[in-house]
Amino acid sequence: MPPALLAARRPEPDFPEAGALPDPAGRSLLRFITCGSVDDGKSTLLGRLLWETGAVYEDQADALARDSERFGTDGKNRDYALLVDGLSAEREQGITIDVAYRYFATPRRAFIAADTPGHEQYTRNMATGASTADAAILLVDARKGVLPQTRRHSSIVSLVGVKDVILAINKMDLVGFDEAVFRRIESEYRALAARLGFRSIHALPLVARDGDTLTRHSGRMPWYGGPTLLDLLETLEPALPVDGRFYLPVQWVNRPNADFRGFSGTVASGQIRVGDPVTILPQGRASRIAEILTPEGARDAARGGDAVTVTLADETDVARGDVITVGHRPAHTSGTLTARLLVLGERVLAPGDRLLAKLGMATVPVRFETLAHELSVEDLSPQPARHLAMNGIGKAILRPEAPLFALPYDECKILGSFLLIDPTTHATLAMGIIEAVSSRSREASPQRSEDAHPRRARLQPSLRPERIRSAITTLLFAVAGFLLTGTLAGALILAALDGIGRPLLISLQERFWPVEKKPALSGAPEPGLDGGGI
Ligand code: GDP
């Protein structure tokens, strides 16, 4: 990377993870992510945006002028991509940075931009960057239109709950500023994204390199009368953070001596006050908050985002991974999680796999029960699939094999998302976003999932236990036939009688004397697999 740029880089301001912001000027905060394929112009767009909003220091500007001459891709002109590309170079050399966060502000609003690499192998970083974003700028090269990477990135931003998408159709200069090209790409994208449940999609024609439609309208595209990119960024209303019930995932049991026992962690959501009744999940033990402690001292209350240690009014057993919630709640029985999975690692995931799920502060074994579908990268439609490979996105049912308290992602991002981990190698395999949680206990489950989902049963017929049992019985009949008659023919006749006769008798019985199936036992219904979204 250009060394001069490294020298000029300023420390990034320390900004809160989420929620309300303590911006000294009282401005609201918008977090956004830029994504698209390599060379679509992400760095140029972000660099130029930083430049035009005055986020570039004087010495950085000098360095940019020098570096543009040496390394630039735009002749003697400033190459704005160099303002952010230093970080890309670091990433390519494998140096620490996964997602580069850029901070800038206008008089109306403060922004944090997550700049993520465009290569397919960096999907994990893109998903990480998107998971905290309010909006996504999706770049498309006007010459190339919508590409598989555009579809993949769209499904990932939808997966992690981003509701507003800005479709930045860039390099309009290379298609003669033609409105028809812009409209064609816009309508193709809108049709495609209809499945993804975005709240808004704004399409903009841009020349990121020259600044057209970035902060001002372009004289070269008078046919475009909509907002500029900065107008949009300044006015998009981020979806309100859900500040629901109080949940504190316990990260650490703080026990410095026999007299003190506190439970430390970061409040995932909601509020709590000293004296409030609480329940420890998943066990369902009840207690009351005795103290709320922070590095700055004791407090009366805590809210989402606060790092706290709480003590309880009685000797309640609490361990790392438990969740403290307000009020009285029953014990939580592990049911199934219906989740959208994005495969991040090289291991192919399939029903039957036994994995570890890390959710909040808990790590529990889970069984991959059912793969409902995989999203096609062609048109984002759900397609039947037997397994999910790297970068694949699909909807699955997982069954925790130990008590686990989880919530739908819409209710709580922290307790509604998880990582799947290989139990042997400890490699991260996938990320999951929970759509629904069933709290039905395993004993109460009326159906095995393979019966509930015949496609899966079809996919792995040879593994079904009843098939194995029936093959063994036929073999025993054959042996009996051979022992009784002493001939191979006798063995074959008896085996055939069993192999053909028994299924015939069973089908006759099912037809004329059907056995009534037991109704479902109590508990929440299995969450729908064909619901909206991905
Ligand atoms: P990234 O890989 O998506 O970050 O793409 P870059 O920002 O590095 O840009 C790739 C190339 O496209 C560079 O040579 C840029 O100068 C060029 N570029 C970016 N935006 C435009 C544009 O609007 N018009 C033209 N003609 N070139 C552009």
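Predicted model: local features only at pLDDT ≥ 70, side-chain atom pairs only at ≥ 80, totals over all residues.
R48 and E52 sit four residues apart in helix α2, so about one helical turn separates them.

R48 and E52 form a salt bridge, with the closest N and O atoms 2.7 Å apart. R48 counts as buried, at 10% relative accessibility, while E52 is partly exposed at 24%.

The next pair is R108 and E234, a salt bridge with 3.2 Å between the closest N and O atoms. R108 is in the loop between β2 and β3, and E234 is in helix α8, so this pair ties together parts that are 126 residues apart in sequence. E234 is buried, with a relative accessible area of 13%.

D306 and R299 also meet in a salt bridge, 3.2 Å from N to O. D306 is buried at 16% relative accessibility; R299 is partly exposed at 33%.

The count of salt bridges comes to 23. Among the residues involved, D173, R209, D210, D212 and R220 are linked in a network.

Now the ligand. The side chain of D173 places an N or O atom 2.8 Å from a ligand nitrogen, and a polar side-chain atom of R209 is 3.4 Å from a nitrogen of the ligand. The protein covers 86% of the 580 Å² of accessible area that the ligand has on its own. A polar backbone atom of D40 is 3.3 Å from a ligand oxygen.

There are 17 residues around the ligand, and D39, K42, S43, T44 and D173 come nearest. By class, that shell has five nonpolar, six polar and six charged residues. Helix α2 supplies the largest share, three residues.

Note on methods. Residues numbered from 1 in each chain as written. Heavy atoms only, no water. Near = heavy atom within 4 Å. Polar contact = N/O pair within 3.5 Å; in protein donor to acceptor, adjacent residues only side chain to side chain. Areas by Shrake-Rupley, 256 points an atom, 1.4 Å probe, with all protein chains shown as cover. Helix = DSSP H or I, 4+ residues; strand = E, 2+ residues; numbered from the N terminus. Nonpolar A, V, L, I, M, F, W, Y, C, P; charged D, E, K, R; others polar. Salt bridge = Lys/Arg side-chain N within 4 Å of Asp/Glu carboxyl O. Buried < 20%, exposed > 50% of the residue type's maximum accessible area, 1.4 Å probe, protein only.
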